[in-house]
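Biologist: I am new to this structure and would like to learn how to read its side-chain contacts. Could you take me through them step by step?

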Amino acid sequence: MSAIITLSVLGILVLYLGIFNFKKVLLPVILLGLTVAFVLLATNTGNVLAADMHMLVFDAPARAFGCLLILITAGVFCLTPGNMEYATKFRQDVFGLMIFSLIGGIMMISYGNLITLFLGIETLSIPLYVMVGSKRSDLKSNEAAMKYFLLGAFATGFLLLGIALIYGATGSFDFRVIAEQCLTLQGNVSSWFEIGVLLLLIGLSFKVSAAPFHFWAPDVYDGAPTIVTTYMSTVVKIAGFGALVRFTRGGFPDMHVFGQFTFILAILTMTIGNFVATQQKSIKRMLAYSSIAHAGYMLIAIHCSTNASLVNIFIYAFAYSLASLVMFGVFMAIADKYELADIDSFNGLSKKNPLVAICAAIALLSMAGIPITAGFFGKYYIFASAIDSNYFLIVIIAMLNSLVSLYYYLKLIIAMFFKEGSNDVSEKIPALHYFVIFGCTALNILIGLYPNNLMMLF
Amino acid sequence: MFDFLEKSSNIPIEYYMWLSGILFSIGVMGVLMRRNVIIMLMSIELMLNAVNLLFIAFATFLNDPKGQVFVFFIMLVAAAEVTVGLAILTLIYRNTKSVDIDFLKKLKG
Amino acid sequence: MMIFLVAFTKYLIPLIIQLLVVLGFVFTTVAASQYLGPKRKTAGKLESFESGLDAVGNARVPFSVKYFLAAILFVLFDVEIIFLYPWAVNFKELGWQGFVEMLMFIVFFTLGFFYVLKKGALKWDD
């Protein structure tokens, strides 16, 4: 709770600092505030106050996911210097919105009550609608904002209808009470409950852009300012999956009723994401589709809901968002600044800036799931626990999908290392940018070498 | 004094569910079929209000005030959402001079 | 059926009488002023009433976006009041803790309001 209050105060402080023209100190203040929130969240004892009414529960998974969210947001903030030219006048507004959105994310991964789940999702989404449209004169950004807004609000309607039906069937919003009701009724829960849970899952899968509810994602990722895209494809995705796994592991005894739903969802999401990504010319769109594909792999862990699902999704999300940060960082530094978006803009990067090229290659390999990177263990744990619980078919499909994904990741690597670059613009990359790229790569390999240490968090 | 009103709870809960289900479906169809963004926004509001009605009906049915409190949250969030939506719409109107959804097809691929 | 009859005599008949009186009053006064008042139709009288000013142009013109901004901000700050009602109802039960929590809530959105002011969103002429 104290972390959320710290972040709220930080958000308002940032807005006021911007107004009173202290724009120089904005970034240090934000990073300091995020550090404080990180420490407060990490040292939270997890005791539930009676006054909290079980609204927010900071148990071990919530703390781990929350710290991950804050860490990745700090990484996104470190990428902002040099990439916010479109918003020099109202930079503090975008920063403030990003912090408010992060608060929503933390609520989404620590909710103990359907009210806080709903409020968390909305606190996450509403600032995002504005952030996506923050490139005000650019029609593409406007269009992305409108699409995201309409579909997001539409999904909210379904989510709410689901919550209403669950409430009608069980008479409570509290997760413990709902689970108890399920246990005592033993299968005699009214059919409203199942419809409600299904609608709620549909609402959540809109937010994590799982196929067939993914149509907004590529357009929105493409149209949004790249720094916002980075935020969306990392923090929003982690928060969405945190909420989803918390919901499915929330103590409902027979969630396997919805096995069909999550099964189809996972397979469609992986396959559509990977196959469409191979066809993309623009890097931003390719990364968007690849993020849809990654959502598909994480849905496998949701589908074979075991006790390990939480930690598996955590490791996968960690690995994916580290790699994603690096890729978007590199993309912003060498292509996006010059309004380039094609894969060709990566040509010959290894000659110009070999270290950055190696980092990008490691990130891509991690996304593809090649060993000694974190991404490998992310996939490994998810597949292993799926096989443990006898879900062979879905694992085979996922393996085939990984092979397909290798194709378009390798395409980028080949462009970087074996093609001659045509543009000889000498890139000046800010120091913080380097810090994010190298730091994330180092962390990525560190997790790849010692994956078991992450398990301790749970 | 209010015993007449209490008698009205003889109406079974299913009727309320049908009503809000129909309203919700009208909202959904509005979002899917209309091309004018303002009308789509109104349809989304209709969806949310159908859910509000359902919450109130359940709260009365279960004799539990929590459902009514949730409606407050929904109303607040709906207001915030519509504010943001209209702001984005003004932005688009400034750039294209139209509120028709068909103008939004720059992003493809 | 019995319930309906009882309810009808007890609650609906007074309501219907009230409705008739209200409608009757409205129609009578409007009709009376129509018949009793003098009528002089001059060009000035037939013009639409615009607080004594001359009416200019069409009424269907786009409004300045400033109105829109003010309206939006009004909606936002107006809706916050929703949460004051349950607090007011349970003021005594919630005690000091409720007071402090509500104070925090109000401070947060007052800060938002000052931000709006400072941003110049409510400045009318620029």
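Modeller: Let us begin with a definition: a salt bridge is a side-chain nitrogen of Lys or Arg within 4 Å of a carboxyl oxygen of Asp or Glu. This is a predicted model, in which local features need pLDDT of at least 70 and side-chain atom pairs count only at pLDDT 80 or more, while totals for chains, interfaces and linings use all residues; side-chain values use heavy atoms, with hydrogens and water left out. Residues are numbered from 1 along each chain as its sequence is written, and chains are lettered from A and ligands numbered from 1 in the order in which they are written.

Biologist: Which side chain does A:R285 meet in a salt bridge?

Modeller: The partner of A:R285 is A:D219, at 2.9 Å from N to O. Helices are DSSP runs (H or I, at least four residues), numbered from the N terminus, and here A:R285 lies in helix α12 (residues 283–303) of chain A and A:D219 in helix α9 of chain A, so that distant parts of the chain, 66 residues apart, are linked. A:D219 also forms a salt bridge with A:K147, at 2.7 Å from N to O. Salt bridges that share partners join A:E143, A:K147, A:D219, A:D222 and A:R285 into one network.

Biologist: Are A:R285 and A:D219 buried or exposed?

Modeller: Buried means under 20% relative accessible area, exposed over 50%, and partly exposed in between, with a 1.4 Å probe and protein chains only. Both A:R285 and A:D219 are buried, the value for A:D219 being 12%.

Biologist: What describes a pair of aromatic rings?

Modeller: Such a pair is described by the distance of the centres and the angle of the planes. Rings of Phe, Tyr and Trp (its six-membered ring) pair if their centres lie within 6.5 Å, and planes under 30 degrees apart count as stacked, over 60 as edge-to-face and the rest as tilted. By this rule there are 39 aromatic pairs over all chains. The rings of A:F65 and A:F314 have centres 5.4 Å apart and planes at 85 degrees, so this pair is edge-to-face. Both A:F65 and A:F314 are buried. A:Y434 and A:F438, by contrast, form a stacked pair, with 5.5 Å from centre to centre and 20 degrees between the planes.

Biologist: Where do A:Y434 and A:F438 lie?

Modeller: Both lie in helix α18 (residues 431–449) of chain A, 4 residues apart, which is about one turn of the helix. A:Y434 is partly exposed, at 24% relative accessible area, and A:F438 is partly exposed as well, at 31%.

Conventions: Helices (H or I, at least four residues) and strands (E, at least two) are DSSP runs, numbered from the N terminus.
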